[in-house]
Amino acid sequence: MSGKLTVVGLGPGSPEQMTAEALAAVADAGDFFGYFPYIDRLDLRPDQRRHASDNREELARARAALERAAKGGRVCVVSGGDPGVFAMAAAVCEAIDEGPAEWRDIDFSVVPGVTAMLAVAAKAGAPLGHDFCAISLSNNLKPWDVIEKRLIAAAEAGFVMAFYNPVSKARPHQLGDAFALLRRHLPGEVPVIFGRAAGRPDEAIRIVPLSQAESGMADMATCIIVGTAETKLIERDGQRPLVYSPRYFKGAGA
Ligand code: SAH
């Protein structure tokens, strides 16, 4: 008898930013698979089992979860933010695509969550108020020259960009290279928002012009939003400025 597998987005960090649907899916499951800090966020009952694993083991984790569900388990695979954004939902789909036919009979669903760029954007105003895209700067799963092409194409097309996975110990230079590349395609005054640990107690939001953006301003818990020539900044006395991308296209930067 096939069981159930639900991939659940836990939001950026704060329990208030988890959806009611995600809370219900967690309450309904018996087995939890995920990267250990996400599993640790859950307030599980004694009858609910944790199967925490390292971050780099996404496909193996997806297969283990599917095996458990195929045996009749009620399984939750958890991701931070939204599970479809650079996270476990694609890994589970890939495992189903390549796995045994019986995995297609599993009752499979994805519960969305508040993704990092939305949590960061909300803190800054409305930087994603018009067309935008999301780019992972990690070259673990794609070559750096593809990332560079996408950065140039997005800048030239006038998209606001949200960067996920901006830096890591293994990739110390790439964010600086990305800013240098963007400075050749965008005006220096374009606002850049560094949103670190959005929704968590150590949250930090910093806004600088592209001309001053540096890789040292980000770590792996940071989501960066780079505006366009259209994006505006409203200075406020004693408060963080507001950043917004106007709803009407006026013609700059495209
Ligand atoms: N599925 C997640 C993204 C996973 S990729 C989501 O939808 O948010 C991991 C990257 O997400 C991190 O390197 C960082 O860029 C971003 N991120 C995750 N949580 C964050 C948070 N609370 N604040 C800022 N950025 C975050």
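This is a predicted model: local features need pLDDT of at least 70, side-chain atom pairs count only at pLDDT 80 or more; totals for chains, interfaces and linings use all residues.
**Ground rules**

I number residues from 1 along each chain as its sequence is written, and my side-chain values use heavy atoms, with hydrogens and water left out.

**Cores**

I looked up the nonpolar cores, meaning sets of buried Ala, Val, Leu, Ile, Met, Phe, Trp, Tyr and Cys residues joined through side-chain atoms within 4.5 Å. I take buried as under 20% relative accessible area, exposed as over 50% and partly exposed as in between, with a 1.4 Å probe and protein chains only. The largest core has 27 residues, of which Leu151, Met161, Phe163 and Val226 touch the most other members. Two or more residues each come from β7 (132–136), α6 (144–157), β8 (160–164), α7 (174–183), β9 (191–196) and β11 (222–226). My helices (H or I, at least four residues) and strands (E, at least two) are DSSP runs numbered from the N terminus.

I then listed the contacts (heavy atoms within 4.5 Å) of Met161. Leaving out residues up to four places away in sequence, Met161 touches Cys133, Ile135, Leu151, Ala154, Ala155, Leu182, Ile224, Ile225 and Val226. Another core lies apart from the largest one; it has 18 residues, including Ala70, Val75, Val77 and Trp103.

I checked the burial of β8 and found five of its five residues buried. In a regular strand the side chains alternate between the two faces of the sheet. In β8, Val160, Ala162 and Tyr164 are on one side, Met161 and Phe163 are on the other, and all are buried. I count strands as paired if DSSP finds at least two bridges between them. β7 and β8 run parallel and are joined by five bridges, with Phe132 bridged to Val160 in β8.

**Helix α5**

In α5 (residues 116–124) I noted Met117, Ala119, Val120, Ala121 and Ala124 as buried. The buried residues of this helix pack against β6 (125–126), β7, β8, β9, β11 and β13.

Strands β12 (residues 232–236) and β13 (residues 239–244) run antiparallel, joined by four bridges. Arg236 has Gln239 of β13 as its bridge partner. Two residues separate the strands of this hairpin, and Gly238 in the turn has a positive phi of about 70°.

Ser245 sits in the segment after β13. I count Ser245 as buried because its relative accessibility is 5%. Its side chain makes a polar contact of 3.1 Å with that of Thr231. For a polar contact I require a pair of N or O atoms within 3.5 Å; within protein, one must be able to donate a hydrogen and the other to accept it, and residues adjacent in sequence count only if both atoms are side-chain atoms. Beyond neighbours within four places in sequence, Ser245 is in contact with Ala126, Pro127, Gly129, His130, Val160 and Thr231.

**Ligand**

I found 20 residues around the ligand, of which Asp82, Val85, Thr115, Met220 and Thr222 come nearest; near here means a heavy atom within 4 Å. A ligand nitrogen atom is 3.0 Å from a polar backbone atom of Pro12. Ligand oxygen atoms are 2.8 Å from a polar backbone atom of Asp82 and 2.5 Å from one of Met220.

**Cysteines**

I searched for disulfides, taken as pairs of cysteine sulfur atoms within 2.5 Å, and the count is zero. For Cys93 the nearest cysteine sulfur is that of Cys76, 15 Å away. Cys93 counts as partly exposed because its relative accessibility is 41%. For Cys133 the nearest cysteine sulfur is that of Cys223, 11 Å away. Cys133 counts as buried, since its relative accessibility is 18%.

**Loop residues**

Phe86 lies in the loop between β4 and α4 (88–98) and is partly exposed at 41%. Ala197 lies in the loop between β9 and β10 (204–209) and is buried at 1% relative accessibility.
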